[in-house]
Amino acid sequence: MKVTVYLAGEIHSNWRSELKEKAAALKLPLEFVGPMENHERSDNIGEDILGKQPTPVLKDMAASQINNLRTGLLMKQADLVVALFGEKYKQWNTAMDASTAVSLGKPLILIRPESHHHALKEVSEKASVTVESVNQALKVLSYIFEDGK
């Protein structure tokens, strides 16, 4: 059985690479999908396709439509969502993606530091599992494939 995992969360750190490398080392049958990790590409995709927009707001709106299409399609195809709330960046996209996962009925592993407990308490209660690190999320993923014998 192969499981497709949508990796939601900030794109500025290497947490996705870390999780993918560790999952590969454990030979977990996982396929990973997620948002466009090239920030410049993500910000400019609307203008790349539709042409120069007259204002920064319209530029953002054009890019958001295309990014939301990508996210929606890939998340619907995923079996499970892992959403990381880190310490450093504002996490509006992560909150939206976690909410979308819950709305779609997708199992959700929420990664958030203890310092974000209060701010994310409602999201955490909707998640299937809440952990504090990428390593803990990997242990949850690994447990899915244990045969119990």
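Which helix or strand gives the most to the lining of the largest pocket? The views below start there, in a predicted model.

**View 1. Lining of the largest pocket, to which α3 gives the most.** Helix α3 supplies seven residues of this lining. The pocket has a volume of about 690 Å³. It is lined by 25 residues, and the closest to its centre are I11, H39, S42, D43 and N93. At least two lining residues each come from β1, α2 (39–50), α3 (56–77) and α4 (92–103). By class, the lining has 11 polar, eight nonpolar and six charged residues.

**View 2. E10, a buried residue without a salt bridge.** E10 sits in the loop between β1 (3–9) and α1 (15–25). The nearest side chain of opposite charge belongs to R16, 5.8 Å away. A salt bridge needs a nitrogen–oxygen distance within 4 Å. The side chain of E10 does make a polar contact, at 2.5 Å, with the side chain of S13.

**View 3. Salt bridge between E18 and K22 in helix α1.** The structure holds five salt bridges, and the E18–K22 pair is one of them. Its N to O distance is 3.0 Å. Why are E18 and K22 separated by about one helical turn? Because they are four residues apart in α1. E18 is partly exposed, at 28% relative accessible area. K22 is partly exposed too, at 29%.

**View 4. Salt bridge between D48 and R41.** The closest N and O atoms of D48 and R41 are 2.9 Å apart. D48 has a relative accessibility of 47% and counts as partly exposed. R41 counts as partly exposed at 39%.

**View 5. Salt bridge between R112 and E132, linking distant parts of the chain.** The closest N and O atoms of R112 and E132 lie 3.9 Å apart. Is R112 buried or exposed? R112 is buried, with a relative accessible area of 9%. E132, at 43% relative accessibility, counts as partly exposed.

How values were computed
Residues numbered from 1 in each chain as written. Predicted model: local features only at pLDDT ≥ 70, side-chain atom pairs only at ≥ 80, totals over all residues. Heavy atoms only, no water. Buried < 20%, exposed > 50% of the residue type's maximum accessible area, 1.4 Å probe, protein only. Lys, Arg positive; Asp, Glu negative; His and termini not counted. Polar contact = N/O pair within 3.5 Å; in protein donor to acceptor, adjacent residues only side chain to side chain. 1 Å grid on protein atoms, 1.4 Å probe; cavity = no way out; pocket = protein on both sides within 12 Å on 5 of 7 lines; lining within 4 Å. Points joined across faces, edges and corners; volume = space filled by probe spheres on them. Nonpolar A, V, L, I, M, F, W, Y, C, P; charged D, E, K, R; others polar.
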